[in-house]
Amino acid sequence: MKLARFLLPTLFGWSATIAADLRVGIIGCDTSHVPEFTQLLNDPQAKGHVVGARVIAAFKGGSKDIESSWSRVEGYTKILQEKYGVRVNDNIEDMCRDVDAVLLESLDGRPHLEQARPVIKARKPLFIDKPMAASLHDVIEIFRLAREANVPVFSSSALRFAKATQSARSGSAAGKIVYVETYGSCEREPHHPDLFWYGVHGVEVLYTILGRGCDAVQRGTTPDGKIEVRGTWSGGREGIFREDNNFHGLAKGDKGQVAAGSFDGYEPLVVEIIKFFQTGVAPVAPEETIEMFAFMEAADESKRQGGKPVKIGDLLKKQK
């Protein structure tokens, strides 16, 4: 018996008739997320298989001045083609004609704005992997274009949806959270602000638990010379990100403290992405993502100013 077709909700002013499995396109085949996500969606035997969508098309992309991009794009493209039967398109516009939704996976955040434009023009729901862009300006512009076109867009690190972090966010165990510290890799890439490349994961955890409302950011170093960024939130709350080899952390509330900041794999994120594609409802508000990137740019500005606190509001006013 054939599965009935249905209409996506029109909450964002868009709709599309789709089959039981959404047809997904990928932009950028230069990150390990591409074969990982595709396996979760296309392989019913995969551990953590996510139902509801299949990757059917891709645009290779790739950046010639980032070794971790150009050295992997051909290999990952080959996996998509030979293992999962994914069609490779020469341009994004052609790919968008045959898909219901798009994963923008390009490792390099710099081309994300230009790569997002044809997707938004084609009115396809869009997930943008980390970093959403290589500047706060581009993050704001992508959301502006999406809002004007009534196209749903969201971006997130996989760490946002880990069980411990979500539990800390709910406050069920520790109560009202007043302090969070997260630890994680902060590998740098010279074409991006320092925290955008890998520090974004730890900062995403801060915002998952504390939400919006950070007033000022101050960057310093740990006793062993690694990056340490402190943020002061409204209501006397505080969040700290520290560079470390492993992802971990904790959240303190008025009832105690709990662990946070672990990595539970990609399945929880992919589940949320497909739910987003199906409903058009983003699990992360644009305003939160914008403030998070302002936090990371403020950390760079604080570094330039010798570790002085930088007001996030001032940074956002300059962008406007």
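Author: Happy to! Angles between axes under 35 degrees count as roughly parallel, and those over 145 as roughly antiparallel. One thing to keep in mind is that this is a predicted model.

Reader: Good to know. At what angle do the axes of H5 and H6 cross?

Author: Helix H5 (residues 112–121) and helix H6 (residues 136–149) have axes that cross at roughly 5 degrees and come within 10 Å. H5 and H6 are therefore roughly parallel to each other.

Reader: Nice. Which residues in H5 meet H6?

Author: On the H5 side they are His112, Leu113, Ala116, Arg117 and Ile120. Their counterparts in H6 are Asp138, Glu141, Ile142, Leu145, Ala146 and Ala149. By type, the residues of this contact divide into seven nonpolar, one polar and three charged.

Reader: Thanks. Switching to strands: in what order do the seven strands of the open sheet come?

Author: The order is S14-S13-S9-S12-S11-S10-S15, and the pairing is mixed. At the edges sit strand S14 (256–259) and strand S15 (310–311), each of which pairs on one side only.

Reader: And which helix packs on the sheet?

Author: That's helix H10 (residues 286–304), which touches strand S10 (214–221), strand S11 (227–233) and S15. The direction of H10 makes about 45 degrees with that of S10.

Reader: Let's zoom in. How many bridges join S9 to S13?

Author: Six bridges, and the two strands run antiparallel, with S9 covering residues 177–184 and S13 covering residues 248–253. Thr182 stands opposite Gly249 in S13, while Tyr179 has Lys252 as its bridge partner.

Reader: What about S13 and S14, do they run parallel or antiparallel?

Author: Antiparallel, joined by four bridges. S13 and S14 form a hairpin with two residues between them. Gly253 stands opposite Gly256 in S14.

Reader: You mentioned Lys252. Which residues does Lys252 touch?

Author: Leaving out residues up to four places away in sequence, Lys252 touches Lys176, Ile177, Val178, Tyr179 and Gln257. Ala174 is 78 residues from Lys252 along the chain, yet their C-alpha atoms are separated by 6.4 Å.

Reader: How exposed is Lys252?

Author: Lys252 has a relative accessible area of 35%, which makes it partly exposed, since that class lies between the 20% and 50% limits.

Reader: Okay, new topic. Where is Thr31?

Author: Thr31 lies in the loop between strand S3 (22–27) and helix H1 (33–42).

Reader: Is Thr31 buried or exposed?

Author: Buried: the relative accessible area of Thr31 is 7%, and the cut-off for buried is under 20%. Beyond residues up to four places away in sequence, Thr31 touches Arg72, Tyr76, Glu105 and Leu107.

Reader: And H1 itself, how many of the 10 residues of H1 are buried?

Author: Eight of them are, so H1 is largely enclosed by the rest of the structure. The buried residues are His33, Val34, Pro35, Phe37, Thr38, Leu40, Leu41 and Asn42.

Technical notes: Residues numbered from 1 in each chain as written. Predicted model: local features only at pLDDT ≥ 70, side-chain atom pairs only at ≥ 80, totals over all residues. Heavy atoms only, no water. Pairing = 2+ DSSP bridges. Contact = heavy atoms within 4.5 Å. Axes fitted to C-alpha atoms, helices over the stretch in contact; angles between N-to-C directions. Parallel < 35°, antiparallel > 145°, perpendicular 65-115°, else oblique. Nonpolar A, V, L, I, M, F, W, Y, C, P; charged D, E, K, R; others polar. Buried < 20%, exposed > 50% of the residue type's maximum accessible area, 1.4 Å probe, protein only.
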